[in-house]
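I set out to record what I looked up in this structure, entry by entry.

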Amino acid sequence: MSTIKVISFDLDDTLWAVKPALIRAEKLSTAFLAEWCPELHLRFSFEDINERRIGLYKARPDLRHQISKLRTESVRLMILECGYSDTEAQRLAEEAFAIFIKGRHDVTLYPGVEQCLQQLHGSHTLVALTNGNADVRRLDIARFFDFSLKAEDINSSKPAAPHFELTLRRYGIEAEHMLHVGDHAVHDVFGAQQLGIKTAWVNAKGADWPSDLGHGPADLEVDSVTKLPPLISQLA
């Protein structure tokens, strides 16, 4: 019989494909700025905007795990360069981000995910652990989750230990009683393995396990989280 008590899930590209949501969100925020700060897109190309964000990421270690603040601040600085006041730049950057983050949560779950979460919720405590800025509490599936952590909440990103350690402490369990599920071999599988947590690799593309990672594969490998329920009993 399985001894797994807590199952934690990564979100982006584990429960849904993130790229379509990000593209839609980017279009919405771009349309807003084109209307209210047209100088921004006359002065900066899409590539310029991305390069500015990357440059700010490198220059500001305090924003490394704060991707929402990073996005807002990079837009604010560019609006300032367009001649707007500090107050206007801050307001427009915050409004553009509010539009972006709303679109970013317009996600489509992979087929069968909701039913799978409902099934697992009946026998396990479910937790969301993400490096992104998606907040599971803003989604319909929030009812299945007892707890969630974003990188922004704890100023740390997987594969670093805090996401996992905080979950273990919250529920007062040993690592062997937790299963982490995610699509990223390093952030999810390696990060959890370092603490002795059981792992499930969601390998939707059927990739070979990366041979250069220096650590073994996950305890379970599936092409969809929907395949997990009958396999968890193997983790005795």
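The entries below follow that order.

**Basis.** I worked from a predicted model, in which local features need pLDDT of at least 70, side-chain atom pairs count only at pLDDT 80 or more, and totals for chains, interfaces and linings use all residues. Residues are numbered from 1 along each chain as its sequence is written, and side-chain values use heavy atoms, with hydrogens and water left out.

**Entry 1: Glu-152.** I located Glu-152 in helix 7, residues 151-154. Helices (H or I, at least four residues) and strands (E, at least two) are DSSP runs, numbered from the N terminus. I found Glu-152 to be buried and without a salt bridge. Buried means under 20% relative accessible area, exposed over 50%, and partly exposed in between (1.4 Å probe, protein chains only). A salt bridge requires a side-chain nitrogen of Lys or Arg within 4 Å of a carboxyl oxygen of Asp or Glu. The nearest side chain of opposite charge to Glu-152 is Lys-150, 4.7 Å away; Lys and Arg count as positive and Asp and Glu as negative, while His and the chain ends are not counted.

I then asked which side chain joins that of Glu-152 in a polar contact of 2.6 Å. The partner is Ser-68. A polar contact is a pair of N or O atoms within 3.5 Å; within protein, one must be able to donate a hydrogen and the other to accept it, and residues adjacent in sequence count only if both atoms are side-chain atoms. Leaving aside residues up to four places away in sequence, I listed His-65, Gln-66, Ile-67, Ser-68, Lys-69 and Asn-133 as touching Glu-152 (contact means heavy atoms within 4.5 Å).

**Entry 2: backbone.** I noted a cis peptide bond from Lys-158 to Pro-159, with omega near 20°. Pro-159 lies in the loop between helix 7 and helix 8 (162-171). Asn-155 lies in the loop between helix 7 and helix 8 and, although not a glycine, has a positive phi of about 55°. Asn-155 counts as partly exposed because its relative accessibility is 42%. Asp-13, in the loop between strand 1 (6-9) and helix 1 (18-36), has a positive phi near 65°. Its relative accessibility of 33% is why Asp-13 counts as partly exposed.

**Entry 3: largest pocket.** I recorded 18 lining residues for the largest pocket, with Arg-53, Ile-67, Leu-70, Arg-71 and Asn-133 nearest its centre. Helix 3 supplies the largest share of this lining, four residues.

How values were computed:
1 Å grid on protein atoms, 1.4 Å probe; cavity = no way out; pocket = protein on both sides within 12 Å on 5 of 7 lines; lining within 4 Å.
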